[in-house]
Amino acid sequence: MSVSVSTSAPVPGSARPVLVRAAACAALLLAAAVAAPPAAAAPAPVHETVTVDSGGLIADDGTVTLSGTYRCLDASGPVLVGSSVHQGTAHTWYGVGGTLAVCDGETHEWENTGRVPSEALEAGTADVEATLIELRSVDGLLLPVFHAVQQQEVTLARG
């Protein structure tokens, strides 16, 4: 940044250094004001999330209970928190219930319960996926709109 000072009247030789210093100070103050952060930062945007608790339950009859939290914003159609589980090297994922979500920007808890074949899962480590999904009507068809997805390893306990 360069600053030039022009005067219409001649400046005595002894006054020129004072004017140069004043112009340099003004340039530094201007640069500091431009580089300074704004006094009040804008609020952070609310993000849509879904989480999975680190533990779940499995009953002897194959009933699985999973839980976590979610947060979503306004939606034009119904929003569900769906969950599924799989264990070991099996490629089969088992759906575990669904919860109707309230999309108001606040954090809410969810809990899904569903029955899988009793021999499909056992107590121990399992992979869980939770999905926050909206069913939006487009030209009379309900189309899925994903708001958030979370995959997590959990520990299933007998209960």
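H147 counts as buried, because its relative accessibility is 15% and buried means under 20% relative accessible area, with exposed over 50% and partly exposed in between (1.4 Å probe, protein chains only). I start there, but first the ground rules. This is a predicted model, where local features need pLDDT of at least 70, side-chain atom pairs count only at pLDDT 80 or more, and totals for chains, interfaces and linings use all residues. Residues are numbered from 1 along each chain as its sequence is written, and side-chain values use heavy atoms, with hydrogens and water left out.

Back to H147, which sits in strand β8, residues 141–158; helices (H or I, at least four residues) and strands (E, at least two) are DSSP runs numbered from the N terminus. Its side chain makes polar contacts with the side chains of E48, at 2.8 Å, and E134, at 2.7 Å. A polar contact is a pair of N or O atoms within 3.5 Å; within protein, one must be able to donate a hydrogen and the other to accept it, and residues adjacent in sequence count only if both atoms are side-chain atoms.

Next, the disulfide, a pair of cysteine sulfur atoms within 2.5 Å. The whole structure has 1. C72 is joined to C103, S to S 2.0 Å. C72 lies in the loop between β3 (63–71) and β4 (79–86), and C103 in the loop between β5 (94–100) and β6 (107–115), 31 residues apart. C72 is buried at 0% relative accessibility, and C103 is buried at 15%.

Last, confidence: pLDDT, the predictor's confidence in each residue from 0 to 100, averages 80 over the protein chain. Residues 1–38 stay under 50. Where pLDDT is low, the predicted coordinates should not be read in detail.

Notes. Contact = heavy atoms within 4.5 Å.
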